[in-house]
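Here is a short tour for someone meeting this protein model for the first time. Have a look at the chain below, then read on.

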Amino acid sequence: MLKLFLTKKLERVGYFVIFDSSAGAKPKRLFQNVFLDNLGDIYTTVDSPKDADYVAIPYSYFSIQNIPGYIDECVAVAQSANKKILIFAYGDSDEEINIPNSIIFRTSQYAGKKRGNEIIMPAYVEDLGSDDFARRFKKDSKPVVSFVGWAGFKNFSQKIKYLYKIITKPYLYRQGLYFRRKALGVLNRSNLVDTAFVIRSSYSGHKNTIELSPEEARKQFVEKINNSDFSLAVKGDGNYSLRFYEILSLGRIPVLVDTDCPLPFEDKIKYDDFILRVDYRKINKIDKIISDYYKKIDGVRFVTMQERAREAFSKYLNIGSFFMIAFKKLEYEK
């Protein structure tokens, strides 16, 4: 089992989720309340960095990066014991993280910018299919594509801010809302697919911005995915999608708008066996790509894809399973 020395505890900063079984629970954050009950199976802690396999900063990097001297102090501890340091950069930023002799787990990155010491981790989401994974069977009609979420605007001011953001960014790096709206528009106008969309004008993952009760929002979200053949997954402000993992947890097929998205364990997981990728440069043809793909696969493969999606989430892409595998690999490579 991987032995970790955890750097100095900070007051009023919450641990990253794998270092505290209740760290995923945040009062205002919705639908990401992940409780890990098997932390003792993932790693063990030691009292001295010299006895450790790695030194670990047990916080999300973005919550401690501006605390004066803290990272330098952690690096000094690792260097004094001649150990590599583990960083957990959970969040939307794809900024360069220049910490010597480090291994960086991060959610948001572009494949073309990914550095050799970076490991892509999944977003942590609730396992929506743990109690009720129900297979959907292929029909002869047009495929149904679902989406429930933020893709509209509350007011004109919000739209102006959005337009400013997209015209000041290179195409690939535009806000996920741009690609989301683009894909939804193409699909809505198409006669090649049927759509099951619920468009909201604000982010539903936070108590301050959700438009309806969390219970109703979640029920609507799950039902639309379960009653569809495909569900749209597009990046958010960071180059990754929580929705992608939620769809997999339900055993449904994500249509991933691929904005140069690296995915976790790409050396282990044959993603193209159970997801449909659409290159962001072909988003204007997303309806035809989905339709042609649906016609090409038979009923057996359609069900198998759902089973593999569910299996991939359960075995590799929920946050506990991911780190259990990732840490075993680090232990082997140390």
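I160 sits in helix α4, which covers residues 156-167. Keep in mind that this is a predicted model. Is I160 buried, partly exposed or exposed? I160 counts as partly exposed, because its relative accessibility is 41%.

Six strands build an open sheet, and going across, the order reads β2-β1-β3-β4-β5-β6. The pairing in this sheet is parallel. Which strands stand at the edges? They are β2 (44-45) and β6 (118-120), and each has a single partner strand, so one side of each is left without a neighbour in the sheet.

Further in, strand β1 (residues 3-6) runs parallel to strand β3 (residues 54-60), and three bridges join the two. If you want a spot to look at, find L4, which stands opposite Y54 in β3.

Helices pack on this sheet too. Helix α3, residues 70-80, touches β1, β3 and β4 (85-89). The direction of α3 makes about 160° with that of β3. Helix α10, residues 319-333, also packs on the sheet, touching β1, β3, β4, β5 (102-106) and β6. For α10, the angle is taken with the direction of β5, and comes to about 165°.

Next, another pair of strands. Strand β10 (residues 253-258) and β11 run parallel, with four bridges between them. One place to check is V255, whose bridge partner in β11 is L276. Strand β11 itself (residues 276-279) has side chains that alternate.

On to the charged side chains. How many salt bridges does the structure hold? The count is 17, and here are some of them:

| Salt bridge | Closest N and O atoms |
|---|---|
| R106 with E118 | 2.8 Å apart |
| E266 with R277 | 4.0 Å apart |
| D267 with K329 | 3.7 Å apart |

Take the pair R106 and E118, which form a salt bridge. This pair links distant parts of the chain, with R106 in strand β5 and E118 in strand β6, 12 residues apart. Both R106 and E118 are buried.

E266 forms a salt bridge with R277. Here the link runs from the loop between β10 and β11, where E266 lies, to R277 in strand β11, 11 residues apart. E266 counts as partly exposed because its relative accessibility is 40%. R277 is partly exposed as well, with a relative accessible area of 26%.

D267 forms a salt bridge with K329. D267 lies in the loop between β10 and β11, and K329 is in helix α10, 62 residues apart. D267 counts as exposed, because its relative accessibility is 61%. K329, with a relative accessible area of 41%, is partly exposed.

One last item: which residues are linked in a network of salt bridges? Look for E126, R218 and E246, which are linked in such a network.

Conventions:
Residues numbered from 1 in each chain as written. Predicted model: local features only at pLDDT ≥ 70, side-chain atom pairs only at ≥ 80, totals over all residues. Heavy atoms only, no water. Pairing = 2+ DSSP bridges. Contact = heavy atoms within 4.5 Å. Axes fitted to C-alpha atoms, helices over the stretch in contact; angles between N-to-C directions. Buried < 20%, exposed > 50% of the residue type's maximum accessible area, 1.4 Å probe, protein only.
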